[in-house]
Amino acid sequence: MQFTKLTRSHAGRITLVAVPVGIVTAIAFGGVAQGAVPVSFSVSGQQFQISADKLDGQQFSQYAGVAKDTAGNDRQVAIANIGSATLANLCQSVTTETPMGKVGVMITAGGGGTPASAKDLQIGMTDLRGDAEFHDIRIGVDASTVKGDQKGSAGDFAQDADSLTINGVQQTAWSTTAGTFTLTGMHLQLTDGSKSCF
């Protein structure tokens, strides 16, 4: 299994790199916690879990799309864009089979009353559960006309809202990208694969 991440060179150039999970997770999310670089978090050949006690977001849109895993395969997903978001008690987890057996990675952040935060968040997901409240929502708009910078394909079904709140977030995704992702109180741990976010 490999993760992809964006790194910034001494010249300020951002480069896409694929490296083994144990190394990239520590490096990528160490940088994220400092808000240092844009972030891309994707998993080769499998999905991962994201959960949070509460997500508060501004400038939301959602439409159908395709996410590529790091093997280059197309995955049908629902694309969710959030201009800015806070996530209380955030958890991200993934488990994979290796020649040495099952291995998992779990990252938690945003506890103790200081939520994690993200800007220009985009998630390619296949499942989402929680109690949601949308403000100034438009359902059934053309995906090419949704609010915000990210647009879908003309003629596709979409929805958007000025803001949203989701309590008890449980999400399964192929990809997550963000302009910045600040993980307050981050804790990263390698597991035997028996732990997951939900």
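Asn89 sits in the loop between β5 and β6, where helices (H or I, at least four residues) and strands (E, at least two) are DSSP runs numbered from the N terminus. The phi angle of Asn89 is near 55°, a positive value in a residue other than glycine. Most residues other than glycine have a negative phi. Asn89 counts as partly exposed, at 38% relative accessibility; buried means under 20% relative accessible area, exposed over 50%, and partly exposed in between, with a 1.4 Å probe and protein chains only. Gln59 likewise has a positive phi, near 60°, but this residue is found in strand β4. With a relative accessible area of 42%, Gln59 is partly exposed.

The structure is predicted, so local features need pLDDT of at least 70 and side-chain atom pairs count only at pLDDT 80 or more, while totals for chains, interfaces and linings use all residues. Residues are numbered from 1 along each chain as its sequence is written, and side-chain values use heavy atoms, with hydrogens and water left out.

Stepping back to the whole chain, the secondary structure comes to 1 helix and 12 strands. Read along the sequence, the pattern is β-β-α-β-β-β-β-β-β-β-β-β-β. Of the 198 residues in the protein chain, 42% are buried. The protein chain exposes about 9600 Å², and carbon and sulfur atoms supply 51% of that area; accessible areas come from the Shrake-Rupley method with a 1.4 Å probe, and for residues only the protein chains shown count as cover. Contact means heavy atoms within 4.5 Å. Among contacts between residues at least 6 apart in sequence, 71% join residues at least 24 apart.

What lies inside the fold? In soluble globular proteins, nonpolar side chains tend to be buried together. A nonpolar core is a set of buried Ala, Val, Leu, Ile, Met, Phe, Trp, Tyr and Cys residues joined through side-chain atoms within 4.5 Å. The largest such core here has 27 residues, and those with the most contacts inside it are Ile82, Leu90, Leu121, Phe181 and Leu183. At least two residues of this core come from each of β4 (48–68), β5 (74–88), β6 (90–98), β7 (101–109), β8 (116–135) and β10 (157–178). Strand β10 gives the largest share, 6 residues. A second, separate core of 9 residues includes Val77, Val141, Val146 and Ala158.

Individual residues show how the strands meet. Ser163 lies in strand β10 and is buried, with a relative accessible area of 14%. Not counting residues up to four places away in sequence, Ser163 touches Gly57, Gln58, Gln59, Glu133, Phe134 and His135. Ala64, in strand β4, is partly exposed at 48% relative accessible area. Although Ala64 and Ala78 are 14 residues apart along the chain, their C-alpha atoms are separated by 4.6 Å. Leaving aside neighbours within four places in sequence, Ala64 is in contact with Val77, Ile79 and Phe157.

The pockets come next. On a 1 Å grid over the protein atoms alone, a cavity is a set of points where a 1.4 Å probe fits but cannot get out, whereas a pocket is an open set with protein on both sides within 12 Å along at least five of seven lines; lining residues have an atom within 4 Å of a point. Grid points are joined across faces, edges and corners, and a volume is the space filled by probe spheres set on the points. The largest pocket has a volume of about 250 Å³. Its lining has 24 residues, of which Leu55, Ile123, Leu128, Ile166 and Gln171 lie nearest the centre. Two or more lining residues come from each of β4, β5, β6, β8 and β10, and β8 supplies the largest share, 8 residues.

The lining of the largest pocket divides into 17 nonpolar, 6 polar and 1 charged; Ala, Val, Leu, Ile, Met, Phe, Trp, Tyr, Cys and Pro count as nonpolar, Asp, Glu, Lys and Arg as charged, and the others, Gly among them, as polar. The second largest pocket has a volume of about 210 Å³. Of its 13 lining residues, Asn81, Gly83, Asp120, Asp149 and Gln150 are the closest to its centre. This second lining divides into 2 nonpolar, 8 polar and 3 charged.
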